[in-house]
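Q: I would like to learn how to read cavities, sheets and backbone angles in a protein model. Where do we begin?

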Amino acid sequence: MTGLLLLWLAAAAPAPPADPGQRAEQAGTLYLAGDYDGAARGWRSLVDEGWESVGLHLDLGNALLRLGFRGRAIASYQRALALDPGDADVQANLEQARAQNVDRLVGEAQPPLHERALARTTERAALALFGLAWSAFWLLLWLRRRSSRGARRWLGPAALLAALLAVAGGALLAGKAADRRTPTAVVIAPASPVREGPSRTLKPAFELHEGTTVRVLEAQGDVARVRLLNGLEGWVASADLEVI
Amino acid sequence: MTGRARLLAAALLALPALAVGAGVSIRASLDREEVALDELVTLEVRVESAEAPTLSLPTQGFDFDVVSRSSSRSTSINMGGGGGMKVQQTFAFQFGLRPRRLGDLAIPAIEVAAGEARGETPPLSVKVVAAGSATSRPARPGQTAPPAFGFPLGPGAGATPNGNSSRAWHGWERDLQLTVEVDKTEVFLGEQVTASVWVLSPVGVAETGNFKPPAYDGFWTEQLEVPRELSQQLRKRDGLQLRAYLLQRIALFPTRSGPLELGSHAIDLLVRVSSDDPFYPFGDVQRVSRRSQPVSITVKPLPAGAPARFDAVNVGSATLAASLSSKRAALGEPLTLRLVAEGEGNVKAWSLPVFPSLPGVRAFTPTSSDQLKPRGLRFAGSRTVETVLVPEAPGPLMIPALTWTLFDPKTGAYRELKTGELRVEVAGAPPRPAGGAAPVLNTLFPGLRPIRPAGPLTRDGEPGAGWPLWALLIVPVALFLLLVSVDRFKERHLADGGARRVRVAGKVARRRLATASRLLGGPDAAPFFAEVERALIGYCGDKLGRPAAGLTRDELALALTEAGAHPPALRALAAALDACDAGRFGGQLARQELLEVAGRAMATLEEAHWQLRGGGA
């Protein structure tokens, strides 16, 4: 099924208009007409070219979901949430898609505060926080240097606060960079055997099913070492995953 | 050194001599001389030695299964009459043996190694009678093998090293068992067998570990109960009060017919053994392992006469119900047909009827979910199968009755369960979306939030990887450094201005005096006198680094004195200023003469050692 999907996605769309906005609009018209294949193909080509927006990923996720590609739909919704973690429509659709997940993780722990903050912050927001706080810190230092003794009393703590915010922004940016090294992925195969090593001759320890989110720790050839949210690790075929 | 410390030191010095004199002996005994085929006989081997011994059970001619083994060690110190002490270590090994056949069975010699010493137990024998026979005859006195290695035990031989043969062997080892109880030993294929794994013990069990259940080959298993903590019940068996600890209770569903065997379970236990020793009343904790006996279960095939569509996994007792998410629907609007089977049996394996293909309705692949609610010792729950149906033709849609056949092991008969017919009114064509687009069939995920305009599209990049992050890092720091540099430059410039004024004060004053000399011949004397005074006061102000025009003569003199001007210079300045006032208001002094007085005052002032701002002189 995955191979067919790849072939289907690889098929070239007939002379698409150059303007990405128009192409997205055309795909939307196809979707409303019930042509989910055409719609998904149109939006997918935009994503493959590097275009993105919350709406684009949401629309593509809806089309994939209606076509039955639940794992790929979940991946698309998660891309949308990476751009805007607070989008209620995307959250609701992602929840619906995940409701049919077969895998129920035992021992899934509540992520610590910094990971939750990381999940709810976009990279741009982290960059903006860091940039503003960093600039404010140096500006306040300069003002303090020039100001009278009375003003220095509040400029000092203000500079300290800005420094702390800059550190927080820097930590978020570092977290995002770490996320890029161990990216999140979604299982897109109906069932994917998980082995204890990279060799396919090993007996599968357990199976993952479509829609389950994992973190990719490393890749070797056509297999990848993944970690589940409850800490379980194993090796799965890379083709069974879609990296977000 | 206190009296207690002296005693301890004396005891420590005496210990090596006692160890050298310690003897080694081996004794073996059976707890009974006659045993039934389904009973256990306990073999005890006691070794007295300074080092921990190892035992090797024979492999040839050994017609017993070892179902349990345990070991313990005790140390005794005997005070001799000659003033010496004797320390003895006794290692006791107990083996629970289950005979494999009837007749007089021999237990061959068991090899024992303790450090350098080697030895073996003498052969023992036990009579095995048919299962079910009463076998309460205790071991005959001669059944206890004599000591080996040729080291006599000395006084008290035949008793344990503690001099109390009953302390080490109460019989609790024999009565401590791991047992598996099943509610049925003959069941139909797919019928539930409830198996409970118990530890039965005459002594308290402190801890369990390393529980190893068998593979349950031929069974589908479901957990019914696994106690989080050990809790005991009291039971009586053969007149003996026992503690019963439940380890787990499982539901077993045979997956093939014929004789099946529930293999042995194994577990390690820590038990609390009471003490008869009045000098050691606290008891002891011993580690033992136990293995349960296999349980045979006969699985009967399902009786003949099953209906054509019967699936062998459908065994149990249940009810079946069908419902629709709505009784009315628009054309193309999805409906959910929900089929629920609820009851006892292997719920997760039940195969519910499939929605048949009907004209005018499109059925999607059904999804199933299970809700498990065990009822006491019975595995129970419900299985729900949901099928999304999309009506494709207007008018009444009839969902026919669905039939499900179940084998009920309680009655031993097949039962056919039927749902009622369901009816849905399908209205006409759904409204077309604006813009003339074709109707959309919300077949999957009907509650999905709709698509939206893609909005402004951007090329994805990695904000942290490109220049913005570096720019954000560097630009504020660079701006800060630039602003600080500008400030410093300005400060330095201002400082330089003050010093420059000090440096060029004399030059400026002389320039003003030159200007005054050009006014000598003028008709009005006031500008001349004003210029001379400006030259003198301005010189003082520049040297002092602050305006001097508003100062009185005394204040000016004081400031100049503090700045390093010597008294002759001050007097010259005062004379020049007085002459200036006199010339301006009284006209007694010629202008040329005033100019000379002012010039001298300037010359005298310039000789002063000024300590002024800027450090110039």
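A: Begin with the term cavity: on a 1 Å grid over the protein atoms alone, a cavity is a set of points where a 1.4 Å probe fits but cannot get out, and lining residues have an atom within 4 Å of a point. Grid points are joined across faces, edges and corners, and a volume is the space filled by probe spheres set on the points. This is a predicted model, in which local features need pLDDT of at least 70, side-chain atom pairs count only at pLDDT 80 or more, and totals for chains, interfaces and linings use all residues. Residues are numbered from 1 along each chain as its sequence is written, chains are lettered from A and ligands numbered from 1 in the order in which they are written, and side-chain values use heavy atoms, with hydrogens and water left out.

Q: How many cavities of 30 Å³ or more are there, and what is the volume of the largest cavity?

A: Rolling a probe the size of a water molecule over the atoms shows where empty space is left. Here the count is three cavities of 30 Å³ or more, and the largest cavity has about 110 Å³.

Q: Which residues lie nearest the centre of the largest cavity?

A: Its lining has 14 residues, and those nearest the centre are B:G316, B:E344, B:G345, B:R378 and B:P409. Two strands of chain B, β22 (316–324) and β24 (335–345), each give two or more residues to this lining. Strands here are DSSP runs of E of at least two residues, helices are runs of H or I of at least four, and both are numbered from the N terminus. The largest cavity lies between domain 2 (175–300) and domain 3 (316–426) of chain B, because both give residues to its lining. The domain bounds come from an automatic or database domain assignment.

Q: How does the lining of the largest cavity divide by class?

A: Ala, Val, Leu, Ile, Met, Phe, Trp, Tyr, Cys and Pro count as nonpolar, Asp, Glu, Lys and Arg as charged, and the others, Gly among them, as polar. The lining of the largest cavity has three nonpolar, five polar and six charged residues. For the second largest cavity, of about 70 Å³, the lining divides into three nonpolar, five polar and four charged. Residues lining this second cavity include B:R69, B:F95 and B:R290.

Q: What is the strand order of the open sheet in chain A?

A: Two strands pair if DSSP finds at least two bridges between them. In chain A, five strands follow the order β7-β6-β5-β2-β8, with antiparallel pairing. β7 (233–237) and β8 (241–243) of chain A are at the edges; each has a single partner strand, so one side of each lacks a neighbour in the sheet. Inside this sheet, β2 (184–187) and β5 (213–220) of chain A are joined by three bridges, and A:V186 stands opposite A:T213.

Q: Where is B:Y216, and is B:Y216 buried or exposed?

A: Buried means under 20% relative accessible area, exposed over 50%, and partly exposed in between (1.4 Å probe, protein chains only). B:Y216 is in the loop between β14 and β15 (219–225) of chain B, and counts as buried because its relative accessibility is 12%. Phi of B:Y216 is near 50°, a positive value in a residue other than glycine.

Q: What is phi of B:N210?

A: Phi of B:N210 is near 55°, again positive in a residue other than glycine. B:N210 is in strand β14 (204–212) of chain B, and at 45% relative accessibility B:N210 counts as partly exposed.

Definitions and conventions. 1 Å grid on protein atoms, 1.4 Å probe; cavity = no way out; pocket = protein on both sides within 12 Å on 5 of 7 lines; lining within 4 Å.
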